Amino acid sequence: KSADGANVLLSPYSISESLAMAYMGADGATKKEMQRVLRVPQDQALCGAAFKSLALQLSSVVSESEREAAFLQKLRKHATSIQLSVADRLFARQDYALRNDFVEKVSRYFDSTLAKLDFKRDPENARDVINRWVSDQTHERINNLLSEGQLTGDTRLALVSACYLRASWMNRQRNLSRFISASRGRNPCRR
């Protein structure tokens with residue numbers, strides 16, 4: 001719970017996915033250090049493919065939940081399906097050139113898109129654009145991911161991951177076990 005009593009979801013999946021996205025752009029000593037710390041394969045494509053596979057598995061859990069809820073509703077029983085939305089996006093400064101292979105890998109493995117913003121001249125507007133995007137992706141549950149002053153004219157890239165989960169916790173154990181079995185309870189590209 002947050003300070004105001006609202007529910008909060010801290011998603012290890014979203015955090016590890018963000019780090020894996022950053023790993024897609026790493027090279028040289030940075031790549032080796034990230035590989036060591038995150039314990040991921042040297043081959044970035046294997047890591048990306050593992051995350052894409054996990055995303056598909058999570059999507060199938062949601063689809064199964066939707067079918068089950070529809071069936072129960074036909075029997076006139078109260079049922080709601082799991083709603084899960086994970087969205088990732090790269091927000092780069094307009095004049096900052098990203099390596100094409102990085103942008104392509106992040107698009108292929110994480111379904112992420114690139115948006116160019118004017119961090120240099122108007123970081124507060126860039127912050128507002130990012131916050132609106134996050135709000136849209138989280139069904140208006142997270143409205144101010146970035147606080148005033150967090151972005152500056154020196155910001156080159158913001159890698160943003162937004163996760164929205166709505167699940168009936170009356171069936172908490174069942175829903176939790178669905179997600180754990182989809183991920184096998186571990187980082188998908190860990191050695």
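These legends describe close-up views of a predicted model.

**View 1. Helix α1 against helix α3.**
Helix α1 covers residues 12-24, and helix α3 covers residues 44-74. Their axes come within 10 Å. They cross at roughly 150°. Angles over 145 degrees count as roughly antiparallel, so α1 is roughly antiparallel to α3. The crossing of α1 past α3 is left-handed.

**View 2. The residues that join α1 and α3.**
From α1, the contact takes in Tyr13, Ser16, Glu17, Ala20, Tyr23 and Met24. From α3 come Gln44, Cys47, Gly48, Phe51, Leu54, Ala55 and Leu58. By class, nine residues of this contact are nonpolar, three are polar and one is charged.

**View 3. Helix α1 against helix α2.**
Helix α2 spans residues 28-38. The axes of α1 and α2 come within 10 Å of each other. Their crossing angle is roughly 155°. The cut-off for roughly antiparallel is over 145 degrees, and α1 and α2 are therefore roughly antiparallel. This crossing, too, is left-handed. On the α1 side, Leu19, Ala22 and Tyr23 make the contact. They meet Lys31, Met34, Gln35 and Leu38 of α2. Five residues in the contact of α1 with α2 are nonpolar, one is polar and one is charged.

**View 4. Helix α3 beside helix α4.**
Helix α4 covers residues 100-110. The axes of α3 and α4 lie 8 Å apart. The two helices pack at an angle of about 30°. Angles under 35 degrees count as roughly parallel, so α3 and α4 are roughly parallel to each other. Gln44, Ala45, Gly48, Ala49, Phe51 and Lys52 represent α3 in this contact. Lys105, Arg108, Tyr109 and Phe110 represent α4. The contact of α3 with α4 holds five nonpolar, two polar and three charged residues.

**View 5. What lines the second largest pocket.**
Four elements each supply at least two residues of the lining: α1, α3, β1 (83-93) and α4. Helix α3 gives the most, with six residues. By class, the lining has ten nonpolar, two polar and four charged residues.

Notes. Residues are numbered from 1 along each chain as its sequence is written. This is a predicted model: local features need pLDDT of at least 70, side-chain atom pairs count only at pLDDT 80 or more; totals for chains, interfaces and linings use all residues. Side-chain values use heavy atoms; hydrogens and water are left out. Axes are lines fitted to C-alpha atoms, for helices over the stretch in contact, and angles run from 0 to 180 degrees between N-to-C directions. Angles under 35 degrees count as roughly parallel, over 145 as roughly antiparallel, 65 to 115 as roughly perpendicular and the rest as oblique. A crossing is left-handed if the near helix is turned anticlockwise from the far one by less than a right angle, and right-handed if clockwise. Contact means heavy atoms within 4.5 Å. Ala, Val, Leu, Ile, Met, Phe, Trp, Tyr, Cys and Pro count as nonpolar, Asp, Glu, Lys and Arg as charged, and the others, Gly among them, as polar.
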